[in-house]
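Please examine the sequence and the three-dimensional structure shown below before reading the report.

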Amino acid sequence: MTSLPVRTARWSARHAWAAIAGWFAFVILCLGVGITVGTNQATSVDFRVGEAGRAEAMAAEGGLERRPTEQILIRSRDAALPLDTDRAGAAARDLTERMRALPEVDTVAEPVRSRDGTVLMVSVVMHGPELEGRKNVVPLLEQTAAVGAAHPGLIVEETGSPAISKGVNDQRDEDLALSERITLPVTLITLLLVFGSVVMAAVPLLLALSSIAAALGLSMAASHFLPDAGVGTNMILLVGLAVGVDYTLFYLKREREERARARGTLSSEALVELAAATAGRAIVVSGLAVIVSTATLYLATDVIFSSLATGTILVVAVAVVSSLTVLPALLVKIGQRAERRAAHTAERRARRAERRAERRAERRARRGKPARAARRDGGEDRAHGEDRPGRLTGALLKPARTRPALTLCLSVLLLLGLAAPALGLKLVDPGRDTFSRDIPAVQVYDRLNAAFPELSSQHRVTVRATGPDRTADVHRALTDLGRRTQGDPLFAADAEPRILTSADGRISVLEVAVPYTATSEKAGESLTRLRQVHLPAALGRVSGIDSAVSGDVARGRDYVDHENAKLPLVLGFLLLVTFLMTLWAFRSVVIALIGVVLNLLSAGAALGALVVVFQGTWAEGLLGFDSLGAIASRVPLFLFVILFGLSMDYQVFVVSRIKEAMDGGMTARRAVLDGIERSAKVVTSAAIVMVTVFGAFVALHLTEMKQMGFCLALAVLLDAVVVRLMVLPALLLLLGERAWNPLRRSRRRAQGVAPTAAPTAGPDGRAVENVG
């Protein structure tokens, strides 16, 4: 593993301009290919899960699938005045004529007046599948606005799944732009504080942004094999900036350490090879760990998780490649420029010193005194100390160093206490009822539900018969089912159930209205009553049929059940691959077990805090959200997978430092303290970048993104501070040599062999690998 990063760095260092040009050509090629092939968006078929998915597949077989539908509301501009019937009717006729003239529109229903007479509603059914509506809804919104302008005494406004989806996408784009405006300056300031140089601070950002660009192009091409659910881009931006900056940061810091240690005796090419042998290997191991961990999301067999996994894997892989290829080339060019400037500066200083010495000698000669011996400039002999922890880091590390047992117990109890609320976790599938109320179409949706409560949500009972000869029996059974639901207070008594039948008579759909929002408890009870009581009673005597229930409520319920069923499988494989990756990297079963346990602690603590903050209402004003009373169903599984991968970053970099110290002959205790102290500053800097990137998502509107950002930021913070500075050192100090037994045995077998595989300087100033 060491030889690959070293060989790559050596080639890049010796062919710096070719490596730099090749990298940016690769980025442009990826973007070009992606733009050329475009993005293959997921369709309704890709989102089907559970019984609801089976019902939708049967309905689609008969041409009875749900269609994109918009509702246009017409109401008086003065809420205190009743709706003028003549004016509202004229506006409805104008709207109907305009909508029917649009190629995107299939049918326009007759206007319907609300029970209180204050609102007139016109329903418009669009052409195409359900998910295509958001792409084609703009002309409808324009005509709605035109009708409103033509009838100034009325308010004409539009809502529906297409309009809401477009509003959510527009808001998400604005939110992402806001997060970039927050994260980029903070990241740049952090890097400036770390390096003290604009050029060195710009390198991590440049590579991270170029890696994101390349990954975006690759994700477009990958979508033709795994459809994009619309979340892959968000994931690439979220993870790409974090890991791209982190990987570059670790490499840069190691190169600067080697430069300080060499004191000008090694060339820039040799220095990047030395950095590649240590930091390069750690980057490869860390990147592979994130990729393998994220790949477990594919086991969820869900198009959204597959999109998240694909975006993460691509951007991490590209970030690793950039750190191993173009970064060494950039460092060589920057180093050579710095060396030339340093040599030029030293030459000027030497000439000035020589002239000053000559003038002093002349003055002493005129006074008849002998010349003084030239003073040596001790600049070259000045020690170049390596990075050591600051006061805060030293203070946080002191308890583990002085009282490891007590520190371990208190730290673990703290993390377990934070994790405890996760036992009360409740999940909900995000939908229209959970979107930000700042979106105009969502505000109209709320007014629609208030005026027409029977339209709040809908159950669709789909029945497929073996042949058309059963159509009459199915129709009678569905009619009976409709009467049963009308007599149930959980269903809308005023809404007449509607039966649709396919052209061949084999497939029928019964639509039943529910006067509760899809995520409400009453809506869930109505679904349970329908599936377990009314459906068996009405259809149980009809043979040769297949039935299933879908609709707004069933989709959410079945999706959550599907995720809960996949959760043990994904988490089991996640724990296994994390253990195996750590075992492979460090050849120690104890270290591998420690890595798994620590990842569980930090992820569990963050999830528990998420439940406390977002499942209640006390933090709504503080963080600007409306509590769902639950956590978005995709958040826990996604967080565990991503957090395990990102935690491996710190695990690999910190433990690699400890392992290097032990390879150099230190005792286990000294190696633990030395490794953590030497890595503390760079790990803290990397954590600041990640916390900033993830924390910016708390400022977004979408509650699901807020929850993800909050949990990721908190988990990284806990991992960098509590786990890496308290739990890990305390545990390793208590275990001592026992944590490294396989490593120590291999060292005893290798007596007489160089203690590290890192390159050393050859006679020509270049790096030469130790091969034993």
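## Basis of the report

This is a predicted model, in which local features need pLDDT of at least 70 and side-chain atom pairs count only at pLDDT 80 or more, while totals for chains, interfaces and linings use all residues. Residues are numbered from 1 along each chain as its sequence is written, and side-chain values use heavy atoms, with hydrogens and water left out.

## Overall build

The protein chain contains 24 helices and 13 strands. Helices (H or I, at least four residues) and strands (E, at least two) are DSSP runs, numbered from the N terminus. Along its principal axes, the C-alpha trace of the chain spans about 120 × 60 × 45 Å.

Of the 772 residues of the protein chain, 52% count as buried. Buried means under 20% relative accessible area, exposed means over 50%, and partly exposed lies in between, with a 1.4 Å probe and protein chains only. A contact means heavy atoms within 4.5 Å. Among the contacts in the protein chain with a separation of 6 or more, 80% come from residues 24 or more positions apart.

## Nonpolar cores

A nonpolar core is a set of buried Ala, Val, Leu, Ile, Met, Phe, Trp, Tyr and Cys residues joined through side-chain atoms within 4.5 Å. The largest nonpolar core has 182 residues, and those with the most contacts inside it are M99, Y247, L610, F638, I658, F694 and L732. Helix α21 provides the largest share of this core, 19 residues. A second, separate core of 23 residues includes A52, A477, V512 and L527.

Which residues does M99 touch, not counting residues up to four places away in sequence? They are I72, V105, V108, V124, L140, Q143, T144 and E158.

## Aromatic pairs

Rings of Phe, Tyr and Trp (its six-membered ring) pair if their centres lie within 6.5 Å; planes under 30 degrees apart count as stacked, over 60 as edge-to-face and the rest as tilted. By this rule the count comes to 5 aromatic pairs. The rings of F614 and F625 have centres 4.6 Å apart and planes at 35°, so this pair is tilted. F614 belongs to helix α19 (residues 589-614), whereas F625 lies in the loop between α20 (620-623) and β11 (631-632), 11 residues apart, and the pair links distant parts of the chain. F614 is buried, with a relative accessible area of 1%, and F625 is buried at 5%. Ring pairs link F614, F625 and F710 into a cluster.

The pair of F640 and F644 is also described as tilted, because the ring centres are 6.5 Å apart and the planes are at 40°. Both residues lie in helix α21, 4 residues apart, about one turn of the helix. Both F640 and F644 are buried.

## Cavities

On a 1 Å grid over the protein atoms alone, a cavity is a set of points where a 1.4 Å probe fits but cannot get out, and lining residues have an atom within 4 Å of a point. Grid points are joined across faces, edges and corners, and a volume is the space filled by probe spheres set on the points. A search of the whole structure finds 5 cavities of 30 Å³ or more. The largest cavity holds about 120 Å³ of space.

The lining of the largest cavity includes F250, K253, R254, F653, R657 and E660. Helices α9 (232-262), α10 (268-295), α21 (635-663) and α22 (668-695) each supply at least two residues of this lining. Which helix gives the most to the lining? It is α21, with 4 residues.

## Single residues

Phi of T301 is near 45°, a positive value in a residue other than glycine. T301 is found in the loop between α10 and α11 (303-324) and is partly exposed, with a relative accessible area of 47%. R587 also has a positive phi, near 55°, and R587 lies in the loop between α18 (552-586) and α19.

Is H534 buried or exposed? H534, found in helix α17 (residues 521-539), is buried, with a relative accessible area of 10%. Not counting residues up to four places away in sequence, H534 touches L481, R484, T485, D488, F491 and R529. W17, by contrast, lies in helix α2 (residues 16-37) and counts as exposed at 59% relative accessibility. The C-alpha atoms of W17 and L330 are separated by 8.6 Å, although the two residues are 313 residues apart along the chain.

Note on methods. 1 Å grid on protein atoms, 1.4 Å probe; cavity = no way out; pocket = protein on both sides within 12 Å on 5 of 7 lines; lining within 4 Å.
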